[in-house]
Amino acid sequence: MEAKDSKLRPRPPLTALPELDETDSKYKELILTLPKDEERVKHRKYQGFWYSERHLPGILAMQEVFKPRPNDVILASFPKSGATWLKALTFTTMHRDKYAFSDHPLLELNPHDCVPFIENHYAYRDEQYLETLPSPRVLATHSAYSTLPESIMTSTCPIVYICREPKDVLVSYWHMITKLEYLKEPPSFAQTFESFCEGRVHGGPVWEHVLEYYTKSLCNPEKILILKYKQMLECPIDGVMRLANFIGCPFSEDELKNGLVEKIIEFCSFDKLKDLDVNKNEIGNLKNSYFFRKGTVGDWKNCMTPVMANKLDKITEEKLRGFSFTF
Ligand code: A3P
């Protein structure tokens with residue numbers, strides 16, 4: 001596939017992630033000592049968070065080796081919280097002078113190809129790819145704050161974190177994993193619900209993931225910006241303007257007058273991205289189309305019983321007690 005920026009290319013399929021047996025022995029030995037969860041997707045608990053066994057080597061290697069450039073922008077999120085959208089918005093905003101809408105990489109590549117997950121490229125042993133990307137790079141991670149490389153925490157590069165209401169995250173996550181072909185027997189919604197409540201999903205528990213970034217953002221508001229999926233849907237103009245200011249490329253008076261913010265929002269909208277051929281593609285294990293399902297708030301009502309919703313709400317209420325945070 002030819003992309004507008006010759007450096008960008010489609011990401012490897014998830015099936016290219018090595019099994020634990022094929023992992024570097026120094027990481028494998030550490031991983032084997034970690035608490036294990038024997039569900040259909042194998043998870044291990046590392047530094048307080050559960051990660052899928054296949055992703056852990058990449059997280060460990062990223063922690064040890066990754067060095068950000070000072071002008072990188074890091075997008076962080078718990079899985080299924082709106083990373084695809086945030087990637088599209090940030091990439092388009094950051095590179096608005098470089099790419100015209102009519103000739104844009106997002107017309108040919110999925111947002112996850114334009115903004116790679118750092119740890120995945122370490123897991124694929126393809127980390128050199130990250131070095132080939134021109135500055136300023138936009139990179140992403142699902143790592144918890146406490147599992148980030150020290151080099152990111154101490155660097156000047158800004159971190160933008162997007163979060164979403166846990167019931168919608170869970171429903172989005174379940175729909176995604178039911179499609180993963182390497183899971184011979186995808187878990188039922190009830191099984192996934194229990195795992196999610198106990199935090200045993202990739203990056204889990206979701207509450208701690210969010211609260212770590214949130215509390216760090218309070219101490220260091222110039223380093224971490226928290227965006228909320230629901231607020232972004234309700235008021236995308238405000239969200240994109242805050243994003244642009246935060247990453248150091250605010251919109252000029254002329255750009256505002258010309259409606260550029262609205263154009264970026266339209267270009268990155270769910271309907272627009274979902275309808276692109278590249279995002280309808282059925283190639284690879286984690287198909288591009290899987291990242292565009294409904295794109296709404298409140299779809300949990302179609303999957304969850306009131307008892308389940310009540311239980312999850314109670315956990316959320318409990319976990320957020322004492323924090324001035326809401327989703
Ligand atoms: P649903 O499964 O509820 O539809 P992530 O990108 O972190 O994997 O999160 C995926 C969720 O974001 C999915 O939610 C998906 O539909 C939604 N999404 C993807 N692109 C979007 C966009 N441009 N605008 C709004 N939501 C989007």
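This is a predicted model: local features need pLDDT of at least 70, side-chain atom pairs count only at pLDDT 80 or more; totals for chains, interfaces and linings use all residues.
Residues are numbered from 1 along each chain as its sequence is written, and side-chain values use heavy atoms, with hydrogens and water left out.

Asp37 lies in strand β1 (residues 36-37); strands (E, at least two residues) and helices (H or I, at least four) are DSSP runs, numbered from the N terminus. Asp37 is buried, with a relative accessible area of 8%; buried means under 20%, exposed over 50%, and partly exposed in between (1.4 Å probe, protein chains only). Asp37 and Arg200 are 163 residues apart in sequence, but their C-alpha atoms are 7.4 Å apart in space. Beyond its neighbours within four places in sequence, Asp37 is in contact with Lys42, His43, Trp50 and Arg200, contact being heavy atoms within 4.5 Å.

The whole structure holds 22 salt bridges, each a side-chain nitrogen of Lys or Arg within 4 Å of a carboxyl oxygen of Asp or Glu. One of them joins Arg137 and Asp72 (2.7 Å, N to O). Arg137 lies in the loop between α6 (128-132) and β5 (138-141) and Asp72 in the loop between α2 (56-65) and β4 (73-77), so the pair ties together parts that are 65 residues apart in sequence. Both Arg137 and Asp72 are buried. Arg137 also forms a salt bridge with Glu131 (3.9 Å, N to O); Glu131 is partly exposed, at 40% relative accessibility. Salt bridges that share partners join Arg69, Asp72, Glu131 and Arg137 into one network.
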